[in-house]
Amino acid sequence: MLYLAQVHKKKFSDNFHLRLLARQESPNLWVIIPEESVISVGKETKMSDNLLVLVQLSPEGDIESLEDAKDWVINLVQTYLSIGMTPKQLEEEVELAENWRQSLTLQNQELARRTLELEARREQIQALEERLRRDRNRHHGDSG
């Protein structure tokens with residue numbers, strides 16, 4: 001599983017540990033990790049204190065890969081923050097889209113109701129036309 005983490009150097013030691021900040025749930029969904037969650041990296045990795053990294057963990061919790069998160073953060077900025085919309089504006093857009101979806105659903109239901117109503121009226125008209133034809137035929141048969 002992929003995590004965003006911050007590197008911390010242990011005081012009075014050459015050991016590093018990672019404070020897990022968020023985990024990827026799906027390609028475009030990340031969840032903040034609210035509780036303190038730390039993984040020891042050891043001495044062999046030379047990193048800067050407070051560096052943001054992307055860390056891939058195995059199901060057992062072992063580090064599979066570790067990379068600087070700079071390019072990932074820049075991509076986030078370019079993809080989501082360069083359009084000049086605030087999170088509040090994005091929320092409003094989502095709400096507007098949901099309102100449109102609900103409105104279209106209601107309109108679709110109304111159209112379906114009207115279609116059924118028109119179909120029922122068409123069948124009534126056909127039945128009346130058929131009855132009228134029979135009445136005319138009977139009337140013509142009686143007079144002829």
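Residues are numbered from 1 along each chain as its sequence is written, and side-chain values use heavy atoms, with hydrogens and water left out. As the model is predicted, local features need pLDDT of at least 70 and side-chain atom pairs count only at pLDDT 80 or more, while totals for chains, interfaces and linings use all residues.

The strands come first. Helices (H or I, at least four residues) and strands (E, at least two) are taken as DSSP runs and numbered from the N terminus, and two strands pair if DSSP finds at least two bridges between them. Strand β1 (residues 2-9) has two partners to describe here. With strand β5 (residues 52-57), β1 pairs in the antiparallel sense over 5 bridges, and L2 sits opposite Q56 in β5. With strand β2 (residues 16-26), the pairing is again in the antiparallel sense, over 7 bridges; A5 has L20 of β2 as its bridge partner, and Q6 stands opposite R19. β1 and β2 make up a hairpin with 6 residues between them, and F12 in the turn has a positive phi of about 60°.

On from there, β2 and β3 run antiparallel and are joined by 4 bridges, with A22 bridged to I32 in β3. These two strands also form a hairpin, this time with 2 residues between them.

Buried means under 20% relative accessible area, exposed over 50%, and partly exposed in between (1.4 Å probe, protein chains only). R19 counts as buried because its relative accessibility is 15%. Its side chain makes a polar contact with the side chain of E36 at 3.1 Å. Such a contact is a pair of N or O atoms within 3.5 Å; within protein, one must be able to donate a hydrogen and the other to accept it, and residues adjacent in sequence count only if both atoms are side-chain atoms. Leaving aside neighbours within four places in sequence, R19 is in contact (heavy atoms within 4.5 Å) with L4, A5, Q6, H8, I33, P34, E35, E36 and S37.

Two other residues fall in the middle class. N50, in the loop between β4 (38-42) and β5, has a positive phi of about 75° although it is not a glycine. N50 counts as partly exposed because its relative accessible area is 43%. I125 belongs to helix α2 and is also partly exposed, with a relative accessible area of 48%. I125 and K9 lie 116 residues apart in sequence and 85 Å apart in space, C-alpha to C-alpha.

That leaves the pocket. On a 1 Å grid over the protein atoms alone, a pocket is an open set of points where a 1.4 Å probe fits, with protein on both sides within 12 Å along at least five of seven lines; lining residues have an atom within 4 Å of a point. Grid points are joined across faces, edges and corners, and a volume is the space filled by probe spheres set on the points. The largest pocket comes out at about 440 Å³. Of its 17 lining residues, N28, L29, W30, L76 and Y80 are the closest to the centre. The elements giving two or more residues to this lining are β3 (29-32), α1 (70-81) and α2 (87-143), and α1 gives the most, with 6 residues. By class, the lining has 11 nonpolar, 5 polar and 1 charged residues; here Ala, Val, Leu, Ile, Met, Phe, Trp, Tyr, Cys and Pro count as nonpolar, Asp, Glu, Lys and Arg as charged, and the others, Gly among them, as polar.
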